[in-house]
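Here is my note for your first look at this structure. Please keep the model open while you read, and find each element as it comes up.

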Amino acid sequence: MTLYSELPLLVVLPETVEQVQHVLRICHELNVPVVARGAGTGLSAGAMPHPEGILLCLSKLDQILDIDILARTARAQPGVSNLSISDAAAEHGLYYAPDPSSQIACTIGGNVSENSGGVHCLKYGLTVHNILSLEVLTVEGEKLTIGSMGLDSPGYDLMALLTGSEGLLGIITEVTVRLLPLPELAQVIMAGFNNVSTAGNAVGAIIAEGIIPAGLEMMDRLAIQAAEDFAQAGYPREAAAILLCEVDGTSEEVAQHTQKIARLFEQHGATSVTISRDETQRALLWKGRKAAFPAIGRISPDYYCMDGTIPRSQLSFVLNEIYRLSEQYALPVANVFHAGDGNLHPLIMFDASDSTAIHRAEEFGAKILELSVRVGGCITGEHGVGIEKLSQMTNQFTAQELLQLEDIKHAFDPALNLNPGKGIPILKRCQEYRALPARHQHD
Amino acid sequence: MTERPPLQNQDRSEHIINALQQARDARNSVYIKGGGSKQHLIGRNCNGTILDISGHRGIVDYQPQELVITARAGTPLVDIIAALENEGQSLSFEPPLFSGIATLGGTLACNLSGPARPWSGSIRDMVLGVRLINGKCEQLNFGGKVIKNVAGYDVPRLQAGALGTLGVLCEVSLKVLPRANKTLTLCYDMSAQEAVQYMNQKAGQPKPLSGAFWLDGRVYMRLSGATSAVDSTVKQWGGEILASDETLWRQLREMTLPFFDDQGALWRFSVQSSAKVRHDFGTTLIDWCGAQRWVHGDHAGEVLQQAAAEAGGHVSLFRGGDRNAEVRAPLNSVEQVLQQRLKKSFDPDGILNPGRLYSWL
């Protein structure tokens, strides 16, 4: 979000892993903070520079080193974009499954650091489920290989810890991902509903039928209209909510599931049902969804994107609460989210030139996250904690739990030089460190 | 599993904390035990007062529409599977049940998954949240009951394969999935090397493959999924359809195939699925599409480690042999230091299953 900006002491743009190692050794010796950065597409200010630290841009490490067709793996440097891995694998009938909306730009190194998801996670998992091995540099500059080409590793599962650790535990210099066979066929079923609760209930009905869609996304009225203006995807403008449900697999399986889901939508009160005719229409239906954030950006000077996850059964309750809060704070909100995973993305619209609006937006956002935790969910499903959700960590974790997380951080980075002030709030012990987030607070 | 009276479902967390506190005060270490099915498998021998958590059992929460189940760590997997079956769901990682005594906590601690592992993931992939008691006797919750959650480090997945050395698992939440409508097995005669090539090539096709293993000159390919998808794949691939295939996959999963009868040293290779087959270690069973390979015999550990490293992975002494020596692949000094610091962050006094994973951990 535009609210978080800071200039680093120095920016470095290494071209080799050895240079990264060299930078880390110097920073370690001089006790200088290091903030790693990929494409800077993150949504939680996780890569915001540190005023007294180095900004380590890994964008020049942008080579796909190897694609092993038989073993179905790709080895890539951290600055390779998410989509280019799938593009390179496509000629072999393979692809890399996690597909965050920013996949054109976002890097695989950043994906690992944030444990990125996308619209296909319900069926194909998050980054953590789709990587085999990492090459990592410790804060001291020591090189480590984590994971293996096999499906597990002998000691503690450091890959699980590193994935989603927001650059706090090590610097990723190489990633080996698993590739999946491209499905024979994929089709999208779009259904319009005249209220969000009905749409929310239809989500549960699909799961109850024993179908795991490849993607199951929901958008509400404001999001539909903004996306339709932007992408002309053919969304029903009059609907209060739409569901986009993708099924993939063998042709026979897709045909069977498509019919079943279309019927389920109708039985659950859909006012319109559209089944993609061909790849062009399928791509178009997704284009609207993937462009939803920039589409909102067009109609509002600024927006604040939240990322709580909730149990699916709470969908309609939480959405209605969000609308109530929207009125209370006098700020419009559009919802675009991964309904199948229960991962919400309310986009709170405001004007950053109005300082009271900023505070209202932040308070509104905080309320949504508290609500997510209260109904049994969490404060962030895929965007990470960064700086943005640091203060909400205390909603989700007890002091003892936060101290345990802090102890894990100490195990990897005793001097707390990797991406300080992000991810995990530091409760005590280190006064200097605790002061950092405060210094970053905007007013 | 029906021979002994079933234990009552109950929450024994307080008892576990008290027992751990006593051990800590007396500077004793504990050896955590659930069903005991893996006591002589996977890890090294471990001395310590037995901390029996098998009474801490029962399903705490199960919402089929959420695809999530939460149960106490001492719950036998058979109880969980029975509850899931009632709702047409299953544990997609197909864990061994070991005569019905394997527990949820032990399965996570050992990171044990069955033949479906390469396609449906491991228990490590499916775990969403844990409540554990660390070595400071603090009861902590990490992760949760939702499928996507990136708040804080992924402590739940870290427990997979940690053999209880980072905490006493109390409660585990898992993602569960609908059961496949149809399962069917095709088999073909071929050599081990041909089979590795074949399995990997087939895995590169978008078909509902859910198992692929080779033994004694035959490769077995299991298909699971929507009836239409399974049927059309059978038509395309051809081959012999195996009758009563369920028994075969169960025996593979439970390690009760005659191949596993040899009670001597049993080694497990975890390697790149397409790695070349070695013939110098005796009869091999190749599972997980080539990524998990089993051999017997008193081999020199270093020789096997070298072979595993060349194949992109590692090897461990799964059963038998000298369990006072190291049973897992050696780690270099940088890795050791990190692993020790991590252990210390959870268990500063080293009271939880000391030495179970490595002598130095």
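1. Start with a hairpin in chain B. Strands S11(B) and S12(B) form it, with two residues between them. In the turn, B:Asp216 has a positive phi of about 50°. Helices (H or I, at least four residues) and strands (E, at least two) are DSSP runs, numbered from the N terminus.

2. A word on the basis. This is a predicted model, where local features need pLDDT of at least 70, side-chain atom pairs count only at pLDDT 80 or more, and totals for chains, interfaces and linings use all residues. Residues are numbered from 1 along each chain as its sequence is written, chains are lettered from A and ligands numbered from 1 in the order in which they are written, and side-chain values use heavy atoms, with hydrogens and water left out.

3. Stay with S12(B). Six bridges join S11(B) to S12(B), and the two run antiparallel. Here B:Gly211 has B:Arg222 in S12(B) as its bridge partner. S10(B) is also antiparallel to S12(B), and eight bridges join them. B:Asp189 is bridged to B:Arg218 in S12(B). Two strands pair if DSSP finds at least two bridges between them.

4. Is S12(B) enclosed or open? Seven of its eight residues are buried, so S12(B) is largely enclosed by the rest of the structure. Buried means under 20% relative accessible area, exposed over 50%, and partly exposed in between (1.4 Å probe, protein chains only).

5. Now look at helix H9 (residues 245–254) of chain B. Its buried residues are B:Asp245, B:Leu248, B:Trp249, B:Leu252, B:Arg253 and B:Glu254. They pack against strands S10 (182–189), S11 (209–215), S12 (218–225) and S15 (284–287) of chain B. Contact means heavy atoms within 4.5 Å. After H9(B) comes B:Met255, with a positive phi near 60°.

6. Two further positive phi values deserve a check. A:Asn419 is not a glycine, yet its phi is near 45°. This residue lies in the loop between helix H14 (399–412) and helix H15 (431–440) of chain A. At 2% relative accessibility, A:Asn419 counts as buried. B:Ser99 is not a glycine either, and has a positive phi of about 60°. B:Ser99 lies in the loop between strand S5 (89–90) and helix H3 (104–110) of chain B. With 62% relative accessibility, B:Ser99 counts as exposed.

7. Chain A has an open sheet of three strands, in the order S1-S3-S2, with parallel pairing. Strands S1 (10–12) and S2 (34–37) stand at the edges with a single partner strand each, so one side of each is left without a neighbour in the sheet. Neighbouring strands are turned by 25° against each other on average, direction ignored. Three bridges pair S1(A) with strand S3 (residues 54–57). A:Val12 stands opposite A:Leu56 in S3(A). Helix H1 (residues 17–30) of chain A lies across S1, S2 and S3 of chain A, at about 165° to S3(A). Axes are lines fitted to C-alpha atoms, for helices over the stretch in contact, and angles run from 0 to 180 degrees between N-to-C directions.

8. How do H7(A) and H10(A) lie to each other? The axes of helix H7 (residues 221–231) and helix H10 (residues 292–299) of chain A come within 8 Å and cross at roughly 90°. The two helices are therefore roughly perpendicular (65 to 115 degrees; under 35 is roughly parallel, over 145 roughly antiparallel, the rest oblique). Among the residues that meet are A:Leu222 and A:Phe230 in H7(A), and A:Pro294 and A:Ile299 in H10(A).

9. Turn to the largest nonpolar core, which has 162 residues. A nonpolar core is a set of buried Ala, Val, Leu, Ile, Met, Phe, Trp, Tyr and Cys residues joined through side-chain atoms within 4.5 Å. A:Leu134, A:Phe265, A:Leu405, A:Phe412 and B:Leu174 touch the most other members. Helix H12 (residues 355–374) of chain A gives the largest share, seven residues. A second, separate core has 24 residues, including A:Ala233 and A:Cys305.

10. Finish at B:Arg341, in helix H11 (residues 333–346) of chain B. B:Arg341 is partly exposed, with a relative accessible area of 29%. Leaving aside neighbours within four places in sequence, B:Arg341 is in contact with A:Glu140, A:Ala411, A:Phe412 and A:Pro414.
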